[in-house]
Amino acid sequence: MRKLGRVAILIFVLFLTLTLMLTLLQEKFIFLPTQLPENYAYSFESDFEEFFLTGQDEAKLNALHFKSEDPKGVILYFHGNAGDLSRWGQIANRFLHYDYDVIVMDYRGYGKSTGKRSESNLFEDAQLFYDYTHELYPKDEIIIYGRSLGCSIATHVASNNRIKKLILETPFYNLTDVAQDRFPFLPMKPILKYKLASNQFIQQVKAPIRIFHGTEDRVVAYDSGERLFEVIPIEDKKMYTIERGEHNNLSDFKQYWENIEAELAN
């Protein structure tokens, strides 16, 4: 009995330790930024302009604006949780091939962007970039694209503004869903200060919604994206399932690009 008691105490201590670690270090688990010096010079094959917007708290927010020769609209792109614009610029500018301009920002603490990060700040910054985009393009020419973590930010923006279409690559139901899948033995809902409740935001989106998700995704389970798709109330929705697709390789599949081309054709 004493041995069982020691084991129970050990398990309890381990549980408390993991809970405390996740509570204190969750920023480091959720956000994986790389930073760039202010004088870093971006280099891409496509034409682009670098610019900054200023947040309400004077945070400097860095972004890139890629331009095609005869654009039929713009894609406002919200990237995933790792890296910076030196990487995401390479990914986002692929959409220039479909005659769309592309605007992509770095979140606070990423690349050259500064400022204290919070969920409300992420959403306010994203709205700031939507407003900037809308000054240059009419609403019916703006497509919002989100990838992974950026899907929740993209969906929040789309829920509050008129746009042409919302495209989500490897989205999650909400962040609690992802965290609980990763740590099923811990009470993630009260631990997380970032909720990123895409399942709530998406119910307010009036534009057509398209979801791309791979069946072998080990970062955001396919089931999480599928559940998000199921709560979309509008009829104009579609989910593209990429068989054997993982979290970071959907662009390796011909099916992905064929369907992207179809969605951007009109």
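User: Why is strand β8 described as largely enclosed by the rest of the structure?

Analyst: This is a predicted model, in which local features need pLDDT of at least 70, side-chain atom pairs count only at pLDDT 80 or more, and totals for chains, interfaces and linings use all residues. Residues are numbered from 1 along each chain as its sequence is written, and side-chain values use heavy atoms, with hydrogens and water left out. Strand β8 covers residues 165–169, strands being DSSP E runs of at least two residues, numbered from the N terminus, and buried means under 20% relative accessible area (1.4 Å probe, protein chains only). It is largely enclosed because the buried residues number 5 of the 5.

User: Which residue of β8 is the bridge partner of I144?

Analyst: Strand β7 (residues 142–147) runs parallel to β8, and 5 bridges join them, where pairing requires at least two DSSP bridges between two strands. In β8, the partner of I144 is L166.

User: Which residue in β9 is the bridge partner of L166?

Analyst: β8 is also joined by 4 bridges to strand β9 (residues 209–214), and these two run parallel. The β9 partner of L166 is I209.

User: How many bridges join strand β4 to β6?

Analyst: Strand β6 (residues 101–105) is mostly covered, with 5 of its 5 residues buried, and its pairing with strand β3 (residues 60–66) is antiparallel. Strand β4 (residues 74–78), by contrast, runs parallel to β6, and V74 stands opposite D101. The number of bridges joining β4 to β6 is 4.

Conventions:
Buried means under 20% relative accessible area, exposed over 50%, partly exposed in between (1.4 Å probe, protein chains only).
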